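Reader: Can we go through the charged side chains in this one? Start wherever you like.

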Amino acid sequence: MQITNIRSALDDLLNQQQRPLEDVLTRHFGPDFRQRTNGQWADRDAFAQHARKLREVTASARIEILDELRDGNRYADRHRVYVVKRDGSRVVQEVYLFAELDAEGRFACIEETTLMLEGAESDREMGSMK
């Protein structure tokens, strides 16, 4: 069993776009995955739609882990995502994340809050765009 973390999940989603999205989702996110970002809940299908949109606008991303904690099936971190969009603009988001992992080490549930540090006002909801 390989236990996932946010760096590998985001790298696969944003930087390994030649990998089919469904393969990436299956590797890192359980079949009943749910996510709440800035108060908005999404099921796995809605999250897949979000991931497709992120892939459309992202040219590359760098993930910096600032804090990371693991306790059994609980995972928490504070990370920054530095995105270069396909139009050349840049976005920096700091994310505070709490998660639960399933029995196979994949994310079962993520609850997160994002803080935009750099970017256009229209990028503020990048963490939940669809």
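Author: This is a predicted model. Arg 106 is a place to start: Arg 106 is buried, with a relative accessible area of 12%.

Reader: Which residue forms a salt bridge with Arg 106?

Author: Asp 102 does, and the closest N and O atoms are 3.2 Å apart.

Reader: How far apart are the closest N and O atoms of Arg 80 and Glu 94?

Author: They are 2.5 Å apart, in a salt bridge. The pair links distant parts of the chain, with Arg 80 in strand E4 (residues 74-85) and Glu 94 in strand E5 (residues 90-101), 14 residues apart.

Reader: Glu 94, buried or exposed?

Author: Buried, because its relative accessibility is 5% and the cut-off for buried is under 20%. Arg 80 counts as partly exposed, at 25%.

Reader: Different topic. How many salt bridges does the structure hold?

Author: The structure holds 13. One of them is between the side chains of Glu 111 and Arg 36, at 2.5 Å, N to O.

Reader: Where do Glu 111 and Arg 36 lie?

Author: Glu 111 is in strand E6 (residues 107-118) and Arg 36 is in strand E1 (residues 29-37), so this pair ties together parts that are 75 residues apart in sequence.

Reader: And what is the relative accessibility of Glu 111?

Author: It is 29%, so Glu 111 counts as partly exposed. Arg 36 is partly exposed too, with a relative accessible area of 32%.

Note on methods
Residues are numbered from 1 along each chain as its sequence is written. This is a predicted model: local features need pLDDT of at least 70, side-chain atom pairs count only at pLDDT 80 or more; totals for chains, interfaces and linings use all residues. Side-chain values use heavy atoms; hydrogens and water are left out. A salt bridge is a side-chain nitrogen of Lys or Arg within 4 Å of a carboxyl oxygen of Asp or Glu. Helices (H or I, at least four residues) and strands (E, at least two) are DSSP runs, numbered from the N terminus. Buried means under 20% relative accessible area, exposed over 50%, partly exposed in between (1.4 Å probe, protein chains only).
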